[in-house]
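Dear colleague,

I am handing this structure over to you, and below it you will find an account of what turned up when I went through it. Please read the account with the structure open beside you.

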Amino acid sequence: MTSSHPSDAQAVSASSSARDAALHDVGATKPVLANPLTEKDETVRSPDLETREYRLQARDVCVFYGEKQALFDVSLDVPEKAVTSLIGPSGCGKTTFLRCINRMNDTIEGCRVTGKITLDGEDIYDPSLDVVELRSRVGMVFQKPNPFPKSIYENVAYGPRIHGLARSRTEMDEIVEASLKRAGLWSEVKDRLRESGTGLSGGQQQRLCIARAIAVSPEVILMDEPCSALDPIATAVIEELIDELRAHYTIIIVTHSMQQAARVSQKTAFFHLGKLIEEGPTEVIMQTPRHKKTQDYITGRIG
Amino acid sequence: MASPSSTSIKAQADRRRVRVRASLGRRHLVEWLFRGAGLTAIVIALGMVVGLFWIMISKGLPAFTQATLSAEVTFDPDIITAGPPPVRESGQSEADYRAARMAWEGQVARLNWNALVEQAVRNTAPAGMEVDRRTALALVSNIDRHNLRDMFVANPHLLGRTVKVDLLASANTDNWLKGTINRDLPDSRQQLSAATRQLADALYADGKIRFTFAWQIFTNTDSRSAPAAAGLAGAFVGSLYMMLIVIVLAVPIGAASAIYLEEFAPKNRFTDFIEVNINNLAAVPSIVFGLLGAAVFIRYFGLPMSAPIVGGLVLTLMTLPTIIIATRSALRAVPMSLRQAALGIGASHNQTVFHHVLPVTFPAILTASIIGVAQALGETAPLLLIGMNAFVAAIPATPFDKSTALPAQIFLWQGNENRNFFEARTSAAIMVLLALMITLNALAIFLRTRLERRV
């Protein structure tokens with residue numbers, strides 16, 4: 001049970017060290033290819049982001065929608081307290097992969113996931129794992145801002161309430177204020193917390209959704225093209241926000257925009273036709289991609 | 001590839017414009033025709049509605065006023081010979097007192113109250129006019145003697161006194177004075193004797209007979225012996241009971257099954273089968289539900305005939321598919337993004353449905369329910385098969401008592417042999433039913449707009 005408040009992020013990382021033991025054996029089996037370029041269809045792997053630890057790891061993840069396979073053997077390590085961006089042309093499976101991490105794919109009829117995704121060494125597809133608890137640890141921000149048709153306060157307070165994170169009204173007020181502050185929305189909405197969240201502008205709505213996600217103090221935040229419905233100014237605000245949030249959360253962002261990936265992320269993974277083609281530090285992927293398809297995508301030849 | 005000269009480009013552009021213009025005329029004509037057809041359809045439909053309302057209101061409004069005779073009634077001790085009511089003596093038991101009181105009331109009931117009515121009419125008639133017994137009693141309604149008796153039982157001090165009482169004129173007198181019967185018809189085809197007609201005209205000219213608001217439509221039950229006093233109270237209460245039963249049963253059951261089927265039930269052949277059957281159920285003629293009610297609720301479960309409980313159950317069955325289908329489509333219309341937002345934050349399936357999906361669909365469910373209930377309220381055919389078109393002259397005290405319903409009452413009055421009186425009564429009953437429906441629908445609209453504004 002992770003019922004910590006954003007303000008005691010240290011407590012989270014302290015308790016995480018206790019889980020390290022469980023992590024080690026996963027880390028040990030991590031395949032390190034001697035020369036990634038020799039094998040053509042293998043994922044190109046770059047050296048790790050050195051000091052990072054990997055609490056979220058995917059191994060040989062395949063996703064099927066009915067008969068159709070959407071994702072082929074994706075293995076990815078997600079660095080802690082950093083932004084990882086998933087890029088690739090439309091239909092390449094990056095959103096599918098993202099939705100595997102908090103098991104949102106469960107809600108899709110006929111969707112089947114094989115392989116293994118571990119969070120702190122725990123398989124999130126283990127039948128004994130409670131998906132509700134998983135989603136309280138792995139928050140999500142969607143492509144289109146989707147605040148609840150309730151007040152701004154209620155939007156943020158809802159998550160902590162259902163998870164029982166606030167013991168009193170004042171505690172709830174504190175959580176709401178801290179979340180809205182962290183999402184950079186507090187100064188804009190502090191005088192109208194009782195007004196409907198749907199009355200905000202698109203960019204504000206998206207920040208409200210981010211505040212809603214961080215109100216339950218997740219460890220990981222998944223963002224599915226969070227700026228695709230926003231104008232450039234709102235996008236810039238959100239990107240700045242993502243940069244600030246990375247100090248506290250592990251963030252995975254799906255984006256169509258290479259510029260955005262370059263601006264906000266430390267690690268980038270390139271997907272193509274359901275396969276993870278190449279992953280590595282963002283500057284390496286952007287400047288010296290090793291795989292032909294990555295090069296083509298970066299230079300705008302496919303996509 | 002030689003580039004075309006500027007003149008040929010211009011010629012090409014001109015040709016193109018001519019073609020577009022030619023097609024434009026055709027397109028605008030089609031659009032104009034379509035708009036015209038739509039407008040005509042609306043004008044015709046509105047005209048029909050206005051016509052319907054006009055006929056109903058013009059026919060029904062006169063029924064809301066009725067001829068009333070303000071008469072001087074003397075509570076003549078020669079006629080009222082029952083003596084004073086018993087007084088409870090010290091030492092007399094409650095039961096003994098009640099028995100004495102009952103005996104006295106029975107005695108009072110057996111008195112010749114018609115004589116009192118007759119005397120009152122005679123006293124009110126213009127001086128010099130001979131009024132015989134038959135003439136006097138034909139002028140006023142049969143209900144008046146009961147009313148006078150009730151007055152006396154409630155207030156025995158009236159004995160020997162003369163008071164002014166509004167006597168309800170008979171249905172035939174009402175017809176004569178309202179002109180709903182041809183005054184030129186020969187005596188043999190008139191509803192009233194020549195003497196009574198003359199008396200009615202004279203009293204009307206004197207201002208003794210006036211048209212007053214017909215409260216009895218709302219306070220009385222149906223009546224065959226005194227048609228002038230026939231009212232809707234019994235049917236209204238019967239309909240009210242049925243409506244309550246439908247609201248209490250159909251709305252929660254319908255909404256709950258829709259929520260389960262749409263949100264929780266696995267999608268397989270069995271649930272598909274159920275869905276198809278619910279859709280089919282909505283198309284079953286209502287009279288079939290009446291047969292079902294008669295066979296199952298009355299024959300098998302032994303529930304009473306002509307009772308609002310059976311009517312309510314039958315109408316519940318009939319309303320269920322409407323509510324289920326409307327609720328399911330409302331649930332289906334909730335955007336996926338809302339469910340994802342809730343699930344994404346870690347709400348369980350149940351919490352997602354009850355905290356987020358249902359509040360959004362609540363106005364739609366409410367509207368569907370009210371419209372379903374309003375539909376049930378106007379349904380007649382199934383009621384005929386479970387005996388709710390019986391003549392019942394009492395207001396049902398419970399849903400298990402014999403009763404009729406508003407639409408069944410309309411059906412009954414429409415077939416009444418006293419045509420020229422009950423035509424207006426029927427229209428008046430339709431107006432009451434429609435007013436109830438419009439109120440329900442207005443309530444639905446009001447609640448929907450109010451609730452939608454809140455979210």
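In what follows, two residues are said to touch, or to be in contact, when heavy atoms of theirs lie within 4.5 Å. Please keep in mind throughout that this is a predicted model.

B:Arg197 belongs to helix H7 of chain B, which covers residues 194-206, and its side chain reaches the backbone oxygen of B:Leu192 at a distance of 3.0 Å. Because buried means under 20% relative accessible area, B:Arg197, at 11% relative accessibility, counts as buried. The C-alpha atom of B:Arg197 is separated by 8.8 Å from that of B:Leu177, although the two residues are 20 residues apart along the chain.

A nonpolar patch can be found on the surface of chain B, where B:Val49, B:Leu52, B:Phe53, B:Ile57, B:Leu61 and B:Ile438 together have about 510 Å² of accessible area. Helix H1 of chain B, residues 6-60, gives the most to this patch, with four residues. B:Val49 lies in that helix and, at 42% relative accessibility, counts as partly exposed.

The UniProt record, in an unreviewed entry, lists several stretches of chain B as "transmembrane region", among them residues 353-374 and 381-400. In the model, residues 353-374 of chain B are 100% helix and 0% strand, with end C-alpha atoms 28 Å apart, whereas residues 381-400 of chain B are 25% helix and 0% strand, with end C-alpha atoms 20 Å apart.

For chain A, UniProt (again an unreviewed entry) places the feature "domain: ABC transporter" at residues 56-298. Over those residues chain A is 37% helix and 26% strand, and the end C-alpha atoms are 26 Å apart.

How many of the 11 residues of helix H4 of chain A are buried? The count is 10 for this helix, residues 152-162, so it is largely enclosed by the rest of the structure. The buried residues of H4(A) include A:Ile152, A:Tyr153, A:Glu154 and A:Ile162, and as a group they pack against helices H5 (169-182), H6 (186-189) and H7 (202-214) of chain A, together with helix H14 (349-377) of chain B. After H4(A) comes A:Gly164, which has a positive phi, near 65°.

With kind regards

Technical notes: Residues are numbered from 1 along each chain as its sequence is written. Chains are lettered from A and ligands numbered from 1 in the order in which they are written. This is a predicted model: local features need pLDDT of at least 70, side-chain atom pairs count only at pLDDT 80 or more; totals for chains, interfaces and linings use all residues. Side-chain values use heavy atoms; hydrogens and water are left out. Patches are made of residues with over 30% relative accessible area and no salt bridge: like charges are joined within 9 Å, nonpolar side chains (Val, Leu, Ile, Met, Phe, Trp, Tyr) within 5 Å. Accessible areas come from the Shrake-Rupley method with a 1.4 Å probe; for residues, only the protein chains shown count as cover. A salt bridge is a side-chain nitrogen of Lys or Arg within 4 Å of a carboxyl oxygen of Asp or Glu. Helices (H or I, at least four residues) and strands (E, at least two) are DSSP runs, numbered from the N terminus. Buried means under 20% relative accessible area, exposed over 50%, partly exposed in between (1.4 Å probe, protein chains only). A polar contact is a pair of N or O atoms within 3.5 Å; within protein, one must be able to donate a hydrogen and the other to accept it, and residues adjacent in sequence count only if both atoms are side-chain atoms. UniProt positions are given in the numbering used here, feature names are shortened, and annotations may be inferred rather than shown by experiment.
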